[in-house]
Amino acid sequence: MSTPSEPNSPAYGRVLVKVSGEALMGSEAFGLHWPTIERIARDLVEAKDSGAEIAVVVGGGNILRGASVAGEGLDRATADHMGMLATVMNALALEKAVEHAGSPARTLSAIPMPTICEPYARQTAARHLSRGRIVLLAGGTGNPYFTTDTGAVLRAAELECNAVMKATNVDGVYTADPKLDPSATRYDRLSHDEALAKDLKVMDAAAFALAREARLPIVVFSIREPGAIAAAVRGQGRATTVAP
Ligand code: UDP
């Protein structure tokens, strides 16, 4: 067992990794890109092998987002139910990829569908984590009008994770959108209150408010770099840490 002073040991004992649906589609415009999913799965297993317990909340934006398809004859709540089902498909794919990469894994869904995966219960998730399984949390919060970012913070708080690791397309939080403003600079660290006062977009408003209330650190990093999840879990690599 490694000690915290060793370079490959985790900075956090139990983490919640948020993987957006878009991260799973790689270079495709829609759906699942298997080589990308395998790369992310290997990264998750490497993070676990450093000694951390890994829970993952998966998004669904590569398949369907409720707000984008609601309208005409489709009400928002039904559209969001469809979006949550998309996250279950992604979690099942990632579960298989994690198993292929060498770690046991379990998918737990906030919407019970026991013929496919286990229903989410806090104690069940905690037990799987303590037994060294990577836990894929599907179905977001289980309620419409929320996002998987909010699901990620909610699960991280109730499972007493040390941090939410938000894997995105950018390597942290910037003073402005770096795509629009070349002079934008990246924060290494800032507080929830600073992020709120400066109106920096770390997560959607509901997710961020919950993280602030729960005093939960959020680590924002780019999933495009190979090994980025494992590095973030070790407290290394380019990232912004939002912490009290
Ligand atoms: N969703 C929901 N409640 C939740 C989480 C997700 O209704 O608690 C639905 C919502 O329609 C959302 C979709 O699932 O658009 C996919 O989730 P999200 O947009 O957060 O995925 P990501 O952007 O991370 O890929």
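Me: Which residues are closest to the ligand, and how many surround it?
Reply: There are 19 residues around the ligand, and the closest are Gly21, Asp80, Thr141, Asn143 and Thr148. Keep in mind that this is a predicted model.

Me: OK, what does the side chain of Thr148 do there?
Reply: An N or O atom in the Thr148 side chain sits 2.5 Å from an oxygen atom of the ligand.

Me: And how much of the ligand does the protein bury?
Reply: The protein buries 93% of the 520 Å² that the ligand exposes when taken alone.

Me: Which backbone atoms come in?
Reply: Gly83 has a backbone N or O atom 3.4 Å from an oxygen atom of the ligand. For Phe146, a backbone N or O atom lies 3.2 Å from a nitrogen atom of the ligand.

Me: What classes of residue make up the shell around the ligand?
Reply: The shell has 12 polar residues, four nonpolar and three charged.

Me: Which helix gives the most to that shell?
Reply: Helix H3, residues 76–100, with three residues. As for the space the ligand takes, that is the largest pocket.

Me: Switching topic: what order do the strands of the sheet come in?
Reply: The order is E4-E3-E5-E2-E1-E6-E8-E9-E7, nine strands in an open sheet with mixed pairing.

Me: Why is one side of E4 and of E7 left without a neighbour?
Reply: Strands E4 (118–119) and E7 (189–190) stand at the edges with a single partner strand each, so one side of each has no neighbour in the sheet.

Me: What about E2 and E5, parallel or antiparallel?
Reply: Parallel: three bridges join E2 (residues 53–58) to E5 (residues 134–138).

Me: And which residue in E5 is opposite Val56?
Reply: Leu136.

Notes: Residues numbered from 1 in each chain as written. Predicted model: local features only at pLDDT ≥ 70, side-chain atom pairs only at ≥ 80, totals over all residues. Heavy atoms only, no water. Near = heavy atom within 4 Å. Polar contact = N/O pair within 3.5 Å; in protein donor to acceptor, adjacent residues only side chain to side chain. Areas by Shrake-Rupley, 256 points an atom, 1.4 Å probe, with all protein chains shown as cover. 1 Å grid on protein atoms, 1.4 Å probe; cavity = no way out; pocket = protein on both sides within 12 Å on 5 of 7 lines; lining within 4 Å. Sits in = over half its atoms within 2 Å of the grid points. Helix = DSSP H or I, 4+ residues; strand = E, 2+ residues; numbered from the N terminus. Nonpolar A, V, L, I, M, F, W, Y, C, P; charged D, E, K, R; others polar. Pairing = 2+ DSSP bridges.
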